[in-house]
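Subject: Structure handover

Hello,

The structure is below for your use. My notes on what was found follow it.

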Amino acid sequence: GVAVGRVLKITNPLLEIDEQPEPRINSQYVLVIPFSTPSLLLMIMNAVALVTEMGGRTSHAAIICRELCIPCVVGVRGALSILKNGMEVKVDGNEGKIYFQ
């Protein structure tokens, strides 16, 4: 699918869920992470889309997003350095593309 939202970056997904920063963005967010872990499941469920730097079609992120019907693009090298918190992006999971200005 396709979704539009503001970027929320989590640079260390290995932190426990209660140690993760609270989303400071009032609107729905696109979660950008290096890779997914089960501790991020609640944040993923509340996101409009997910972008990961690592992974493929059978990665944890891809499987969870398919089950939740959330657009997802995995394996985006440099996503954490290119995308900035609060930046509005469009995630096209069908094409595997991310659009931003």
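The largest nonpolar core has 15 residues, and Leu31, Met43, Ile44 and Leu50 touch the most other members. A nonpolar core here is a set of buried Ala, Val, Leu, Ile, Met, Phe, Trp, Tyr and Cys residues joined through side-chain atoms within 4.5 Å. Buried stands for under 20% relative accessible area, exposed for over 50%, and partly exposed for what is in between, with a 1.4 Å probe and protein chains only. At least two residues of this core come from each of strand 2, helix 1 and helix 2. Another core lies apart from it and has 14 residues, including Val30, Val48, Val73 and Ala79.

Before the rest, the conventions. This is a predicted model, in which local features need pLDDT of at least 70 and side-chain atom pairs count only at pLDDT 80 or more, while totals for chains, interfaces and linings use all residues. Residues are numbered from 1 along each chain as its sequence is written, and side-chain values use heavy atoms, with hydrogens and water left out.

Overall make-up

The chain holds 3 helices and 6 strands, in the order β-β-α-β-α-β-α-β-β from the N terminus. Helices (H or I, at least four residues) and strands (E, at least two) are DSSP runs, numbered from the N terminus. The chain has 101 residues, and 42% of them count as buried. Its accessible surface is about 5900 Å², with 52% belonging to carbon and sulfur atoms; the areas come from the Shrake-Rupley method with a 1.4 Å probe, and for residues only the protein chains shown count as cover. Among contacts (heavy atoms within 4.5 Å) in the chain with a separation of 6 or more, 40% are between residues 24 or more positions apart.

The 6 strands form an open sheet in the order 4-3-2-1-5-6, with mixed pairing. Strand 4 and strand 6 (97-100) are the edge strands, each pairing on one side only. Two strands pair if DSSP finds at least two bridges between them.

Strand 2 (residues 29-33) and strand 3 run parallel and are joined by 4 bridges. Within strand 3, Thr52 is the residue opposite Ile33. Between strand 2 and strand 3 the chain passes through helix 1 (residues 41-46), a β-α-β crossover that is right-handed. Right-handed means that, with the strands pointing away from the viewer, the path from the first strand over the helix to the second runs clockwise.

Strand 3 also pairs with strand 4 (residues 72-73), in the parallel sense and over 2 bridges. Val51 stands opposite Val73 of strand 4. Leu50 has Cys72 of strand 4 as its bridge partner.

Strand 3 in detail

Which way do the residues of strand 3 (residues 49-52) point? Ala49 and Val51 point one way, Leu50 and Thr52 the other way, and all are buried.

Val51 has a relative accessible area of 0%. Beyond its neighbours within four places in sequence, Val51 is in contact with Val30, Leu31, Val32, Ile33, Val73, Val76, Ala79, Val91 and Ile98. The C-alpha atom of Val51 is separated by 9.4 Å from that of Lys9, 42 residues apart along the chain.

Thr52 is likewise buried, with a relative accessible area of 0%. Not counting residues up to four places away in sequence, Thr52 touches Ile33, Pro34, Phe35, Ala61, Val73, Val74, Gly75 and Val76.

Helix 2

Which residues of helix 2 are buried? They are Ala61, Ala62, Ile64 and Cys65. Seen down the axis of helix 2, these buried residues fall within an arc of 170°, so they line one face of the helix; the arc is that of the directions from the helix axis to the C-beta atoms. Arg66 and Glu67 are exposed on the other side of helix 2. Helix 1, strand 3 and strand 4 are among what covers the buried residues.

Ala61 counts as buried at 1% relative accessibility. Leaving aside neighbours within four places in sequence, Ala61 is in contact with Ser36, Leu50, Thr52, Cys72 and Val74. After helix 2 comes Cys69, whose phi is positive, near 60°.

Regards
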